[in-house]
Amino acid sequence: MPENELVPHISVRQLTMAYGSFVVMRDLTFDIGRGEIFVIMGGSGCGKSTLLRHLIGLLTPSAGNVFYNGVDFTGADQELRTQMLRKFGVMFQGGALWSSLTLAENVAFPLEEFTDLSPEAIRATVALKLALVGLRGFEEFYPAEISGGMCKRASLARAMALDPEILFFDEPSAGLDPISARRLDELIIELRDSLGTTIVVVTHELASIFAIADRALFLDVATRTMGGLGEPQVLREESESEDLRSFLNRGMPNPNHVHDPATGSPFVLPGDKPRK
Amino acid sequence: MDATAINSSGEALVMTRDGGALCLRLSGSWTQQTPGRPTPALVRAEFAQYDRVPETMRFDLAGVSQYDSALLSFLLQCHDICAETQTKFDLESLPEGPRQLLRLATSVPHAEDVRPRAEKLNLLARIGEKAMSMVGEGFEILQFLGDCTAALFRFCTFRARFRWPDVWLEIQQCGAGALPIITLIAFLMGLILAYVGAVTLRPYGGLIFIANLVGLAMVREMGVMMTGVVMSGRTGASFAAQLGTMKVSEEIAALSTMGLSPIEYLVLPRMIALFVMFPLLTIYANFIGIAGGLVVAMSMGLSYAQYTHQLTNAVDLTHFSIGIIKSFFFGLIVAATGCMRGMQCGNSSAAVGEATTRAVVSGITCLVIADAVFAVIFNRLHM
């Protein structure tokens, strides 16, 4: 999506994340456009998931604010916050389905709590959402009875139950086989194209990033702040940050340069420095 | 020219000093199983002999017949010695295999400041840290109790959002499910009290007073207390494990991000269930305990009529109500401690186990403290 069409849906201003006195990331300022697929990427342990948890209000920023449609989410009171939360759908890393409920009950839960649909209409909606993620016929299964990948997809069905304005994905393709991961990517693009949903994805899967992202935000462990923001293809070629280029090129800052095993360990990643 | 031969297993290591270079000639078998393998200490000792450390360390591995990690760890330690003494470690003198592996092992510099945060603090600092964490935990407990109170208040004013099926399920699990174990424990408790009573009372010919002892002890203290202990170990622990697991698998986060209160959806049904079922279980335990005493009394020659007559004279509704009043509070205590430890659970499977342990420990501790407080209160009220 070209920069000039960007209508900010989510705005992050001067966000600093910390656990106690340990600062994870500081001074994050960026906008996520309406209907954009926005990827948050970075090496393991750089604070990607932590940023997601700040965006959805599970963690409170130690400084800075998050705005949705210009409304301050961080400073909102409980009631306003709850209203705003209902427009989100979140797919957690492990699925986070409620294990005491069947898949159908999991998806029906938000519908029962927040709408006054008839049981018949709820059943129909649940069937639709499960069908969308390829789980038709698994209504009566419990999360423990299906595979991890199916749990993730069911979790997406639950996240989509209320037709949210924004969908958050925490490592959607982690633990999925390549084909399922690809199908999930296609589903994400489909959701954006057909429903105009704003989509925020936390991932470090390069294939996914290049396949789906309109823009990507790179969290740099070395500097503890934003290491780059833009279209991933452009970032890969033109970014000034060597860490970012090598991240997007699987460890090779210059893709045309043949990786010489004599120059270093394959385990050395840029920014792989000890935490202070 | 200065040569040292260490003849531990067929001259496995020969060190030759040639001007600025130290050449280590290794030969024979260099595996973990080789007995009497030379150690890096020998190299270190060699270094200690010199006034001026060598400029380079070179290797000749032509005579090595077989090797495994033993050789590599020896080389790595030699590399460390070189790093300390600023001697050049001549990688190129190694054959292809060991060279690549050693290059891999030494390409990441030794991380110095990545100790897993086990800093040695002095006594004062540790006391301070402990105190701070206790204050923090105190606030957490207050926060949880506050949340629970607010949730109970909303429940009483019909504004709480939760699901009744959850309540019925919990009632079934913590109520009916606990009956067998409560039966066993209460019956044996009555039995034990009766035997203890018999020891004291028989010499005075007052065996009949077993009924007083068993009756009073059961309805005032032991019935409700043993129910508390059983429920704490059974239900409190299960609450903590359930909620802890839900925390680990982000199920609680999933509730929060839907704008639903985990306290109302998860804690409230469990509190209601125990608040309702605990008094019923206590009444049941009281009767079973008294029956246990009856069995002992009858085995010692008392009749059923004597026992019950004596019992009804001794135990009146006041005594009975003391146990019941306490049971409502105990139910809340067990539910609250179990749920609190579950909600405070960390993010690993070990944390779930810890949460369960803490739930039982703090549950029983709080029960005993509450019982002591009640004892003083009822004493003041002459009940």
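Strand E3 (residues 37-41) and strand E9 (residues 215-220) of chain A pair in the parallel sense over four bridges. Here two strands pair if DSSP finds at least two bridges between them. Helices (H or I, at least four residues) and strands (E, at least two) are DSSP runs, numbered from the N terminus. One residue pair shows the link: A:Ile40 has A:Leu217 in E9(A) as its bridge partner.

The model is predicted: local features need pLDDT of at least 70, side-chain atom pairs count only at pLDDT 80 or more, and totals for chains, interfaces and linings use all residues. Residues are numbered from 1 along each chain as its sequence is written, while chains are lettered from A and ligands numbered from 1 in the order in which they are written.

E3(A) and E9(A) belong to an open sheet of six strands, in the order E6-E7-E8-E3-E9-E10 of chain A, with mixed pairing. Strand E6 (88-91) and strand E10 (225-230) of chain A stand at its edges with a single partner strand each, so one side of each has no neighbour in the sheet. On average, neighbouring strands of this sheet are turned by 15 degrees against each other, direction ignored. Such angles run from 0 to 180 degrees between N-to-C directions, and the axes are lines fitted to C-alpha atoms, for helices over the stretch in contact. Strands of a sheet pair through backbone hydrogen bonds, either parallel or antiparallel.

Helix H5 (148-160) of chain A lies across E6 and strand E7 (166-170) of that chain, running at about 175 degrees to E6(A). A residue is buried if 20 or more other C-beta atoms lie within 10 Å of its own, exposed if 12 or fewer, and partly exposed in between, with C-beta atoms placed from the backbone. In helix H3 (residues 103-114) of chain A, the buried residues include A:Leu103, A:Val107, A:Phe109 and A:Leu111.

Chain A has a second sheet to follow. Four strands form this open sheet in the order E2-E1-E4-E5 of chain A, and their pairing is antiparallel. At the edges stand strand E2 (22-33) and strand E5 (71-72) of chain A, each with a single partner strand, so one side of each is left without a neighbour in the sheet. Helix H1 (residues 48-55) of chain A packs on the sheet and touches strand E1 (8-19), E2 and E4 of chain A; its direction makes about 120 degrees with that of E1(A). Two bridges join strand E4 (residues 63-68) of chain A to E5(A), and the two run antiparallel. A:Tyr68 has A:Val71 as its bridge partner in E5(A).

Taken as a whole, chain A has nine helices and 10 strands. Of its 276 residues, 42% count as buried. Two residues are in contact if their C-beta atoms, placed from the backbone, lie within 7 Å. Among the contacts in chain A with a separation of 6 or more, 64% join residues 24 or more positions apart.

The largest nonpolar core has 141 residues, and A:Ile40, A:Ala157, A:Phe168, A:Val200 and A:Val201 have the most contacts inside it. Such a core is a set of buried Ala, Val, Leu, Ile, Met, Phe, Trp, Tyr and Cys residues joined through C-beta atoms within 7 Å. Helix H9 (residues 262-299) of chain B gives the largest share of this core, 18 residues. A second, separate core of 17 residues includes B:Leu13, B:Leu22, B:Leu24 and B:Cys82.

Chain B is divided into domain 1 (2-106) and domain 2 (135-380), with bounds from an automatic or database domain assignment. The C-alpha centres of these two domains of chain B lie 69 Å apart. Strand E2 (residues 13-18) and strand E3 (residues 21-30) of chain B pair in the antiparallel sense over six bridges. B:Thr16 has B:Cys23 as its bridge partner in E3(B). With 16 C-beta neighbours inside 10 Å, B:Thr16 counts as partly exposed. In the hairpin of E2(B) and E3(B), which has two residues between the strands, B:Gly19 takes a positive phi near 65 degrees.
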